[in-house]
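Q: I'm new to this one. Can you walk me through a few spots?
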Amino acid sequence: MLSYFSSFLVEIALFAITVVLSVYYGWTARDLLWSLWISSLTVGYCSILAGIGRNLISGGMADNTFSGKDAARANPDKKKLQSPGAVMAAFFLLPIAGFFGFSLITLIYALFAGLSIGLAVMRYRSGEPESPAARFAMNALINLPGTAFLLCFFTIHFGGFHFVHSIFLNGFFPLTGDNPFGKSIEGTFGMFLTFISVCIISYWPFIVTSAVASFSDIKNTVTGKKGDIFLNPYKNVIKMHLMIFIIAFMGAGGLNQYILYAALVIYFFPFSKLFAFRRKTQELPEAS
């Protein structure tokens, strides 16, 4: 109960800080939305990197089964349940070969996938090495091919969402006065990099606030206490996508002066924590 209350207070404090920052810096709806965009990109990507990094070391990101001592208790007849790193390496070889064909990239990945499978078989037959350094190296090599694929995939996928959103946002609320029409692919991607640099310089306080709010989620991802590491980053993408449409409808309806307040409340007020705290308060008499 106390943890829910303290978590709710932290969220309320961060909401108040965001409101104070928006008033202090004289932010408009454009400033707030671009700060949402850059915080979603940077903090969300850091959260994904945390999960992918944990997968490299332990294979735990895609493995919701038991491992270590839990595996011994759950499966006393087996030495240890293996992480899916080698399976991921073999599975991801198919889309890589389909996309790149018989190329140097496919060959390099296939060599690392073979090493991953070989080490996984060795570990299953002989058990974990006694040395912590050797265990770390073995886990890293087993999970390296799958981790490299996931890193490339989510960099393109997650970054691609924010790239498209930046084009829409720049159409509603121009950040640099530039537009993608008539530009080459390289020129459009250059706009995306410009958006990132301008937003980091202009809205870094907002990024810091968002990072503090997401710290516990990232910590749980690193320590393995959180199952789905992509839930929060992509939830923020969906919220940002909805905000773009809300802003468009409010602007078309002549409600531009209310956009800032609507965005602050919809995006930042901790409704979920409030409802969770209220549920816990209602359950308290029954538990006693």
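A: Let's begin with F99. F99 is exposed, at 67% relative accessible area. Exposed means over 50%, buried under 20%, and partly exposed in between, with a 1.4 Å probe and protein chains only.

Q: What kind of model is this?
A: This is a predicted model: local features need pLDDT of at least 70, side-chain atom pairs count only at pLDDT 80 or more, and totals for chains, interfaces and linings use all residues. Residues are numbered from 1 along each chain as its sequence is written, and side-chain values use heavy atoms, with hydrogens and water left out.

Q: Back to the rings. How many aromatic pairs are there?
A: A search of the whole structure finds 13. Rings of Phe, Tyr and Trp (its six-membered ring) pair if their centres lie within 6.5 Å; planes under 30 degrees apart are stacked, over 60 edge-to-face, the rest tilted.

Q: Why is the pair of F99 and F100 edge-to-face?
A: Their planes are at 80 degrees, so the pair is edge-to-face, with ring centres 4.9 Å apart. F100 is partly exposed, at 39%.

Q: And what about F158 and Y234?
A: Their ring centres are 5.4 Å apart and the planes are at 75 degrees, so this pair is edge-to-face. The pair links distant parts of the chain, 76 residues apart: F158 is in helix α6, Y234 in helix α8 (residues 231-252). Helices are DSSP runs of H or I, at least four residues, numbered from the N terminus.

Q: Are those two buried or exposed?
A: F158 is buried at 0%. Y234 counts as buried at 15%. Ring pairs also link both into a cluster with F91, F92, F149, F153, F154 and F161.

Q: New topic. Where is S166?
A: S166 sits in helix α6, residues 132-172. S166 is buried, with a relative accessible area of 0%.

Q: What does S166 touch?
A: Leaving aside neighbours within four places in sequence, S166 is in contact (heavy atoms within 4.5 Å) with W34, W37, F192 and F195. A polar atom of the S166 side chain also lies 2.5 Å from the backbone oxygen of F163.

Q: Which residues make the nonpolar surface patch?
A: L104, L107, I108, L111, F112, L115, L141 and L144 make a patch of about 690 Å². Elements giving two or more residues are α5 (104-126) and α6. α5 gives the most, with six residues.

Q: How exposed is F112?
A: F112 is in helix α5. F112 counts as partly exposed, at 35% relative accessibility.

Terms used: A polar contact is a pair of N or O atoms within 3.5 Å; within protein, one must be able to donate a hydrogen and the other to accept it, and residues adjacent in sequence count only if both atoms are side-chain atoms. Patches are made of residues with over 30% relative accessible area and no salt bridge: like charges are joined within 9 Å, nonpolar side chains (Val, Leu, Ile, Met, Phe, Trp, Tyr) within 5 Å. Accessible areas come from the Shrake-Rupley method with a 1.4 Å probe; for residues, only the protein chains shown count as cover. A salt bridge is a side-chain nitrogen of Lys or Arg within 4 Å of a carboxyl oxygen of Asp or Glu.
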